[in-house]
Amino acid sequence: MRLRTVELLRLALDLRFALRTSAGEHAHRPLLVLRVTTVDGATGIGECSALAEPTYTEEYADGAEAVLRDHLIPRLLADGGPSSAAAGLRRLGDVRGHAMAKAGVEMALLDVELAETGESLANYLGATRSSIPAGANVSLGAPSSVVAEVRSVVADGYRRVKIKIAPGADVAVVRAVREAFPDLALSVDANGAYDLEREEHRVALLDLDEFGLTCLEQPLAPGELVASAELCAMLETPVILDESIVRQSDFETAVVLSALDGVSIKPARLGGLIAARAMHDRARVLGLMCSIGGMLESGIGRAASIALGALPGFDLPGDLGASDRYFVPDLTEPHVLVDGELTVPNGVGLGVALDEETIARTTVRAQLFE
Ligand code: MG
């Protein structure tokens, strides 16, 4: 593999609905797309899934665009470019953090490398399933509106639903959904909104334990691993961590502290698919649960996450839904729901056909690096 060019596209996508969480509302979806070409004419594509604002983790789209433009892409292309995807990633190692930006580079490099070897990403990662159960994420809201939204996604064919919660919008909401859907695989995600030092928060988290939830995701702030261990000991419901775990060492620390029962694995948050696969493998060895997480990816990143989610250790409901839940049209041929499942792409590389017209129409800025 000899890289010839890297193109960095800044897109502005409209979400079909604004996703409200305890950490704010995602109404618009800025997206960074990387296209790479080799001297032999192979092409690869990747996306950087950083969101508009630095409210999920520190990363956000404008910052990711700057670090890609000024630091990551120049390192990648220096001295004639890398000889492999792995060599390309090593070139980025001296830049600290910026997991989502690096994950975008990795996705494009893997896509182009697999184009040369003729292998699918799913096969490369070790996927063992041809489809994965889809999940629907439902916004924070009042009980009646959340029940109506759950009813709508269940009618669309989703059999696994995750509700965003926050202090004051939790127990009554979950009770109402449970009464309407006693057998639904239901989980909740607080995006770090609870403080175990506050009595009313502690009481609400204990009250959530009676609803047979599949899991309680990221109840406490990302750094609160000691408190998370205390909470794990208090609850029957499995506690899984998302924002707390941005690198393998965070995971190992959480394991030593018994601060989690499982982990939400998102390649963007973890710096790429290879790091995400390593965490999956380690979780399996430790007997911990895994959920494939979502970052409001376009069809490009969604294809990669579906492939990863087909690994054998993903035993908890995941976040990934069909394209039409978020984007119409998507940047690729749509990922569609079939019997509540998403098909794992089996074409070469990411294995999805791009919708070039939609990519062109939503691109607001393009920069070419040679
Ligand atoms: Mg989450």
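Visitor: What makes the seven strands an open sheet, and in what order do they lie?

Guide: In this predicted model, the seven strands follow the order E5-E6-E7-E8-E9-E10-E11 with parallel pairing, and the sheet they form is open. Strand E5 (136-138) and strand E11 (289-292) stand at its edges with a single partner strand each, so one side of each is left without a neighbour in the sheet.

Visitor: Which strands form the antiparallel open sheet, and which of them are called edge strands?

Guide: Three strands form that sheet, in the order E4-E13-E12, and the edge strands are strand E4 (131-133) and strand E12 (337-338), since each pairs on one side only. E4 is joined to strand E13 (residues 341-343) by three bridges, where a pair needs at least two, and Ile132 has Leu342 in E13 as its bridge partner.

Visitor: What makes Asp189, Glu217 and Asp242 donors of the magnesium ion?

Guide: A donor atom must be N, O or S and lie within 2.8 Å of this metal; Asp189 (OD), Glu217 (OE) and Asp242 (OD) coordinate the magnesium ion at 2.0 to 2.3 Å, and they therefore qualify. Along the chain the donors follow the spacing D-x27-E-x24-D. Asp189 in strand E7 (residues 185-189) and Asp242 in the loop between strand E9 (239-241) and helix H9 (248-257) are 53 residues apart, so that this pair links distant parts of the chain. Both Asp189 and Asp242 are buried.

Visitor: Why is the charged end of Arg277 said to sit over the ring of Tyr124?

Guide: The distance part of the criterion asks for CZ of Arg within 6 Å of the ring centre, and the charged end of Arg277 is 5.4 Å from the centre of the Tyr124 ring. An angle limit of 35 degrees from the ring normal also applies, and Arg277 is listed as sitting over the ring.

Visitor: What is known of the largest nonpolar core, and which residues touch the most other members?

Guide: This core has 118 residues, of which Leu68, Leu121, Ile163, Ile165, Ile265 and Leu308 touch the most other members. Helix H3 (residues 99-117) gives the most to the core, with nine residues, and at least three residues come from each of domain 1 (3-118 + 353-369) and domain 2 (123-343).

Technical notes
Residues are numbered from 1 along each chain as its sequence is written. This is a predicted model: local features need pLDDT of at least 70, side-chain atom pairs count only at pLDDT 80 or more; totals for chains, interfaces and linings use all residues. Side-chain values use heavy atoms; hydrogens and water are left out. Donors are N, O and S atoms within 2.8 Å of the metal (3.2 Å for Na, K and Ca); water is not among the atoms, so sites may look incomplete. Helices (H or I, at least four residues) and strands (E, at least two) are DSSP runs, numbered from the N terminus. Buried means under 20% relative accessible area, exposed over 50%, partly exposed in between (1.4 Å probe, protein chains only). A nonpolar core is a set of buried Ala, Val, Leu, Ile, Met, Phe, Trp, Tyr and Cys residues joined through side-chain atoms within 4.5 Å. Domain bounds come from an automatic or database domain assignment.
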